[in-house]
Amino acid sequence: MKLFASYLKYRAKLIAACLVVGGIFASSYLLFEMPVIAVLYPLILTLIAGIIAMVIDFILFVRRHENILSEELPEPANKLEEDYQLIIEKLNEEARFAEKHSSEKYNDMIEYYTVWAHQIKTPIAAMRLSLQSEDSEKARRLMGELNRIESYVEMVLTFLRLDSQSTDYLIKEYDLDAIIKPAIRKFSSDFINKKLKLVYEPVDYKVITDSKWLSFIIEQIISNAVKYTQEGSVRIYMDEPGILCIEDTGIGIVKEDLPRIFDNGYTGFNGREDKRASGIGLYLCRRISNNLGHKMNAESEAGSGTRMILDLREKKIFVE
């Protein structure tokens with residue numbers, strides 16, 4: 001119905017002109033006092049012919065509309081349409097050039113930061129090896145800072161690769177404990193330094209996901225839990241099959257900030273207190289979890305800790 005209304009609007013001037021011409025002829029016949037049948041008969045024939053022509057024209061209009069929707073421009077019916085198509089082709093060519101140029105710049109940026117990340121990881125690894133041989137509070141504190149530096153580097157790369165068409169997802173079935181345990185070990189020095197209790201028992205669950213990207217999510221959640229918990233514990237458990245929870249007894253999140261903690265760049269009250277907060281960690285976690293077909297939510301109250309919930313049940317995921 002909308003398409004027919006659009007057609008009537010498109011042909012409104014022509015239809016109006018036909019009605020005016022018909023009215024002029026009818027008025028002329030009546031002015032000369034000709035019989036009514038002599039007026040009605042040609043008008044009816046003209047109306048039938050006009051309706052047939054209008055139906056044929058509407059069918060052609062619909063076909064041209066469908067061709068345009070299928071990204072195939074129809075043959076121009078006149079010089080004006082030919083000019084429009086030339087403009088469209090020129091705009092398409094400019095858009096392709098701009099997209100190619102943007103893609104090249106993006107790839108160059110990815111390549112630069114990838115090389116930069118690998119270069120900066122070399123001194124990080126060297127410092128880590130030096131600190132592993134020393135068991136002291138200072139060494140553990142420095143190890144924690146190194147973990148944070150490495151986490152920031154990974155965050156930069158993840159942010160840049162997130163919308164890349166060549167993102168290396170490898171979706172298959174993994175043992176969830178084999179993903180959680182390395183993430184815990186990575187922050188072991190932070191747990192020791194802050195004297196935080198870790199409550200974790202193997203969840204014994206198989207998940208269909210990408211291990212590298214899910215590891216990033218879990219590491220970010222544990223990092224935040226340790227960062228904002230001064231005393232108490234961090235608990236990692238399976239609430240029900242497929243629902244992984246990471247819960248801390250930290251400072252929590254104020255009610256006003258909770259709906260926006262997954263927004264890009266949003267740090268909230270806690271971020272304003274901690275000047276090192278970037279506001280992209282949880283944003284990346286939510287984006288990655290959506291890409292993997294998982295769901296991520298948070299429950300928290302100020303002063304009562306935070307519980308991050310990962311729904312890892314199989315949804316929209318197909319094993320290659």
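Helices here are DSSP runs of H or I, at least four residues, numbered from the N terminus. This is a predicted model: local features need pLDDT of at least 70, side-chain atom pairs count only at pLDDT 80 or more, and totals for chains, interfaces and linings use all residues. Residues are numbered from 1 along each chain as its sequence is written, and side-chain values use heavy atoms, leaving out hydrogens and water.

Select 137–161 for α5 and 281–291 for α10: their axes come within 11 Å and cross at roughly 45 degrees. Axes are lines fitted to C-alpha atoms over the stretch in contact, with angles from 0 to 180 degrees between N-to-C directions.

Now show side chains. From α5, pick M155, T158 and F159; they meet G281, Y283, L284 and I288 of α10, where contact means heavy atoms within 4.5 Å. Colour by type and you get 5 nonpolar, 2 polar and no charged residues. Nonpolar means Ala, Val, Leu, Ile, Met, Phe, Trp, Tyr, Cys and Pro; charged means Asp, Glu, Lys and Arg; the others, Gly among them, are polar.

Next stop: the largest pocket. Select C18, L19, T46, L47 and G50, the residues nearest its centre among 23 lining ones. A pocket is an open set of points on a 1 Å grid over the protein atoms alone, where a 1.4 Å probe fits, with protein on both sides within 12 Å along at least five of seven lines; lining residues have an atom within 4 Å of a point. Finally, colour α3, which gives the largest share of that lining, 11 residues.

Technical notes:
Helices (H or I, at least four residues) and strands (E, at least two) are DSSP runs, numbered from the N terminus.
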